[in-house]
Amino acid sequence: MSYEIIFCPLYSGSSGNVILISYKDTTILVDAGVSFRKLTCALNKIGFNKKIDAILLSHDHSDHVKCAGVYFRKLNVPIITNYRTWEAIKNSIGKVDERNVHLIETGTSFSIGNIGIDTFSIPHDAKDPMGFCFYVGNKKISISTDLGHVNEKVAQKIDFSDIILLEANHDIEMLLTGPYPYYLKQRIKSDIGHLSNEQAAQMILKLNLERTKRIYLGHLSEENNHPDVALMTVKSILKEKGVFESFDFSLDVAQRYQPSLCSVL
C-alpha cells in the first residue's frame, strides 16, 4: 500500500476499540480493546504489514484496554498512557515489563518517531481519560470518543483537523425506550457518559472544517443506535445549518466489527 499517512479505525464500539495511525516508518495503535487475533485479521484485511511501534491507551475502560497486555507481549512494544490509567489497569492485563511502560501527564505533547502527539482531557467517567491529536507536517488527525458532553475545550483541541474520529454513541429515543436499566441510561446520557447523535452534530458545528477531509462517527452503541440513524441525524442537522454548502468533507461511520474505510493523506 502506497501512502503518506494512513488512519484507520480498525474496530469502534463498546465491544472493543483499536485505531491505526501510520506514517513512513512509525506506526501507532490507539487502544487495545479487541483480541490479538482480531487485530491481526483487521491488519491483514487492509493490507497493512508494517511493524507496530507503540500502543497508546486513552483510558481504563475495558473496551479500550483489555488486550493491552497481550499486545505488549506479542508485539514487544511500549505502552504509553497516563499515570492514573496505568494504576487502574496494571493488575488486570497480565504480565508486563513496566520498564517498557511510558507514563505521561494528560495535556502532555510528545513524539513517537515521525508522529507528533498532543493529549487532552475529555469528560468521561474514567480515571483520567484522554483524547489525542496527531501531527505529521501540516496534517492533523484528532480522536475524541467517550465524550460526555459538547465541550468547548475539546472543540478547541480538535479544531482545524484534516481527519476527525468523533463519538456518536446513541440515539436518545432509542436509549430511553431501549432495554438498558435506568441507572445505565442515566450514566450514558450524563455529562461524563457518551455523546448522542445530536450532540455529535452540535460538536461538529463548533469546528472550523475548512481543512477537514473526513469525519468518522465512532463508538456507536449496538443497542441504542444504528449507522443509518447516526448518519441521517448528523447529516440532517449539518445540512440545516448549511455546513455542506461551506465545507467539503465525507461523513462516515466507524465500523464495530471490521475495519472502516481507511483515510490516506
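**Helix α3 and its neighbours**

I started with what the buried side of helix α3 packs against: β2 (18–23), β3 (26–30), α1 (36–45), β4 (54–56), α2 (62–65) and β5 (79–82). Contact here means heavy atoms within 4.5 Å. Helices (H or I, at least four residues) and strands (E, at least two) are DSSP runs, numbered from the N terminus. I kept in mind that this is a predicted model, where local features need pLDDT of at least 70 and side-chain atom pairs count only at pLDDT 80 or more, while totals for chains, interfaces and linings use all residues. Residues are numbered from 1 along each chain as its sequence is written, and side-chain values use heavy atoms, with hydrogens and water left out.

Which residues of α3 (residues 68–75) are buried? I found A68, G69, Y71 and F72. They sit on the same side of α3 because they cover an arc of only 160° around the axis; the arc is that of the directions from the helix axis to the C-beta atoms. Buried means under 20% relative accessible area, exposed over 50%, and partly exposed in between (1.4 Å probe, protein chains only). Just after α3, I noted a positive phi of about 55° at N76.

**L20**

Next I looked up L20, which is in strand β2. Its relative accessible area is 0%, so L20 is buried. Leaving out residues up to four places away in sequence, L20 touches I6, F7, C8, L10, T27, I28, L29, L43, I46 and F48.

**Aromatic pairs**

I counted four aromatic pairs. The rule takes rings of Phe, Tyr and Trp (its six-membered ring) with centres within 6.5 Å; planes under 30 degrees apart count as stacked, over 60 as edge-to-face and the rest as tilted. One of them is F7 with Y216, a tilted pair at 5.8 Å centre to centre and 50° between the planes. F7 is in strand β1 (residues 5–11) and Y216 in strand β12 (residues 214–218), 209 residues apart. Both F7 and Y216 are buried.

I also checked F36 and Y71: their ring centres are 6.1 Å apart and their planes at 70°, so this pair is edge-to-face. F36 lies in helix α1 and Y71 in helix α3, so the pair ties together parts 35 residues apart in sequence. F36 counts as partly exposed because its relative accessibility is 22%, while Y71 is buried at 0%.

**Cavity and pockets**

How many cavities of 30 Å³ or more does the structure hold? I found one. The largest cavity has about 110 Å³ of space. It is lined by 18 residues, with I19, D31, H64, I143 and T145 closest to its centre. β9 (130–136) gives the most to this lining, three residues.

For my notes: on a 1 Å grid over the protein atoms alone, a cavity is a set of points where a 1.4 Å probe fits but cannot get out, and a pocket is an open set with protein on both sides within 12 Å along at least five of seven lines; lining residues have an atom within 4 Å of a point. Grid points are joined across faces, edges and corners, and a volume is the space filled by probe spheres set on the points.

The largest pocket comes to about 200 Å³. Its lining has 13 residues, with S14, R187, I188, H194 and H219 nearest the centre. Helix α7 (residues 182–188) supplies the largest share of that lining, three residues.
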